Amino acid sequence: MRKLAAIMKTTAARLSALYLLLFGACAIVLVIYMTSVSVRMIAAQTREAVNEETLRLGRAYDRGGIPALVRLMEMQARQPGANLYLIADPNGRLLAGNVESLEPGVLDTRGWTSRPFAYERYGEAEPQGHATHTAMAQVIRLPNQMILLVGRDLGEPERLRRVVQRALILALGIMAFGAFLIWYFVGRAALRRIDSLSEASARIMGGDLAGRLPVTGAGDEFDRLSENLNAMLARISALNDGLKQVSDNIAHDLKTPLTRLRNRAEEALSKKSGTKGHREALEATIAESDQLIRTFNAILMISRLEAGYSAEATGEIDLATIVNDVCELYEPVAEESGVGLKSGINGTHVITGNRELVAQALSNIVDNAIKYSADHADQPEVLVMLARKEDEVQLTVSDNGPGIAPDDRQRATERFVRLETSRTQPGSGLGLSLARAVMTFHGGRLELTGEETGLAVSMVFPTNRVQS
Amino acid sequence: MKILLIEDDREAADYLERALSETGHTVHVARDGDSGFTLADSGDYDVMVVDRMLPGRDGLSVVAGLRARGNETPVLILSALGEVDDRVTGLRAGGDDYLTKPYAFSELLARIEVLNRRAGAREVDTVYRVGDLELDRLSHSVKRAGQDIVLQPREFRLLEYLMRHAGQVVTRTMLLENVWDLHFDPQTNVIDVHVSRLRGKIEKGFDGPILHTVRGAGYVLKAG
């Protein structure tokens with residue numbers, strides 16, 4: 001009983017039961033309707049046949065009176081499957097015909113009998129005793145008060161009803177069997193797949209983070225579900241790894257400035273208070289803390305960008321406007337460092353994105369370009385180009401600074417990586433990492449290229465951003 | 001200035017209370033959203049500083065609730081959250097400014113003082129005056145001691161912002177946000193260079209400095 005209850009808890013069994021109930025109800029309604037229609041049709045046909053017969057008998061009576069009527073009746077009655085014929089005197093005594101006995105009261109009616117009645121035929125050997133038949137009949141009073149009854153046996157509609165009933169039971173049986181088969185093959189198979197998915201996810205939850213859900217290769221819905229869930233798990237574990245790397249890097253790279261901060265405070269403490277050195281140490285401490293805050297903010301920013309796309313934070317933005325804004329922002333700095341900052345824009349380039357993030361990434365790149373080219377070139381120059389290339393928009397910042405060796409380019413966008421040449425420069429070393437995170441957020445990429453001298457950093461935006 | 005601080009972290013709240021009191025402000029502290037809401041609803045504060053994550057009722061719902069009751073006290077929202085659209089949701093809930101933790105106290109202080117609507121120029125003023133410096137927002141003209149000064153559009157907006165908050169310290173980030181509409185911390189001294197250019201135009205050949213640098217904080221525009 002408990003097992004049955006458990007089976008009924010499965011979706012497949014419930015669906016099968018529901019289908020069975022539904023189809024069964026439909027079948028019953030259909031059969032009842034069909035039966036009643038056919039019974040009514042057969043009854044109408046019976047009536048018509050009896051009416052016709054009565055007319056014929058009436059004509060014989062008109063022609064030759066009772067004897068002619070009886071003759072015709074006797075003739076008709078001998079045929080196989082004949083109608084019922086009966087002539088009785090006004091008192092109800094049977095005079096002629098093929099009916100031996102009748103339900104009492106039938107002969108008292110006029111016209112059609114209102115309901116089927118029981119009768120027995122002459123000369124019928126009834127194997128199971130006196131099995132009575134039912135019939136419908138028309139009762140007519142002849143002009144000489146004799147009673148004429150013409151009727152027809154109702155065996156045929158009765159038989160039909162029985163056949164239909166049997167068909168109905170059979171159909172219901174087949175349907176129940178079909179429902180069982182559906183449950184057994186479809187439901188149970190699906191159930192087994194779901195159970196295996198449940199088991200696999202339970203294993204993964206239990207700590208087997210590298211585990212994945214089974215894919216049978218059938219390419220069905222379950223495989224698609226498994227594949228999607230596996231992709232999700234892969235993404236989660238990538239994020240997890242990223243998080244771990246961030247904490248490692250934070251621990252490693254923030255330790256240095258924090259130690260410096262502590263040493264400075266300790267040193268100041270050992271001095272006499274109120275001295276000039278005291279004040280300088282405090283100011284240096286604040287400056288160092290500010291730099292730490294900045295680094296923290298950059299790390300947070302990168303993490304939140306890597307956490308994923310948020311449609312809420314994006315809208316239609318024109319990259320040309322952003323390029324103009326950023327160039328305008330950096331123009332005085334560039335001029336002061338003796339760097340020529342130029343921009344080349346071809347038309348407007350509207351994309352879906354976040355203006356502040358793109359502006360920040362571009363600022364970081366332009367900032368770097370100005371810094372590096374200022375120190376390393378005779379005629380330092382930074383060029384910001386915005387152009388469409390096939391179905392992408394490329395925003396490229398190129399400088400004629402020292403550049404980055406091809407081998408180091410990939411590393412340069414990783415968190416906290418500061419190539420040896422940049423160790424002396426101020427900054428958190430997160431500028432390019434942040435730019436890369438921004439590009440990933442926008443479904444694009446960050447490309448580092450360059451000739452022998454100089455570096456070109458391209459922010460590549462897809463123009464037909466597929467929002468995921 | 002009367003400041004309401006709604007912050008659940010005891011250490012942070014104590015530090016802010018002390019530091020803000022030392023700069024001459026009256027500070028009331030609430031440790032959770034509900035008591036903060038009650039205080040804000042009954043008291044007459046110049047500025048509120050609301051932490052976003054609070055026990056019980058969270059900061060955004062406190063701000064939204066106050067706004068729904070017609071309380072227009074300027075609110076600075078503090079947040080340690082790190083979603084990309086946090087600032088947008090914070091401002092949408094009714095906050096006037098948004099600052100992400102960790103922050104420098106000088107930044108917080110400058111932003112609180114600028115939020116105070118009882119100080120600085122009013123939004124409706126068309127002409128700002130500081131000492132002998134005059135800025136006409138309608139005709140986009142700037143004069144000092146009666147002499148016309150020609151400014152680039154961005155320089156004009158920079159001066160306009162500084163003059164609206166004359167006497168108040170404005171930080172580099174505030175300038176970047178309000179003049180350039182960019183919300184990040186510039187790595188280099190981009191803002192300093194813009195300010196020193198502006199300073200050259202409004203101070204060179206005139207009497208005395210008017211645009212001062214506040215060490216470790218930002219800039220302040222004031223006469224004398």
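**Strand pairing in chain B**

In which sense, antiparallel or parallel, do strand S7 and strand S8 of chain B pair, and over how many bridges? In this predicted model, strand S7 (residues 133-136) and strand S8 (residues 141-144) of chain B pair in the antiparallel sense over 4 bridges; two strands pair if DSSP finds at least two bridges between them. B:Leu135 has B:Val142 in S8(B) as its bridge partner.

These strands belong to an open sheet of 4 strands in chain B, ordered S6-S7-S8-S9 with antiparallel pairing. Strand S6 (127-130) and strand S9 (147-149) of chain B are the edge strands, each pairing on one side only. Strands (E, at least two residues) and helices (H or I, at least four residues) are DSSP runs, numbered from the N terminus.

**Contact between chains A and B**

Contact (C-beta atoms, placed from the backbone, within 7 Å) involves 30 residues of chain A and 24 residues of chain B. On the side of chain A that touches chain B, helix H5 (276-306), helix H6 (319-337) and helix H7 (355-376) of chain A each supply at least two residues. H5(A) gives the largest share, 11 residues.

**Helix H5 of chain A**

H5(A) comprises 31 residues and reaches 45 Å from its first C-alpha to its last, close to the 45 Å expected at 1.5 Å a residue; the expected span is 1.5 Å times one less than the number of residues.

**Basis of the model**

Residues are numbered from 1 along each chain as its sequence is written, and chains are lettered from A in the order in which they are written. Local features need pLDDT of at least 70, side-chain atom pairs count only at pLDDT 80 or more, and totals for chains, interfaces and linings use all residues.

Methods. Two residues are in contact if their C-beta atoms, placed from the backbone, lie within 7 Å.
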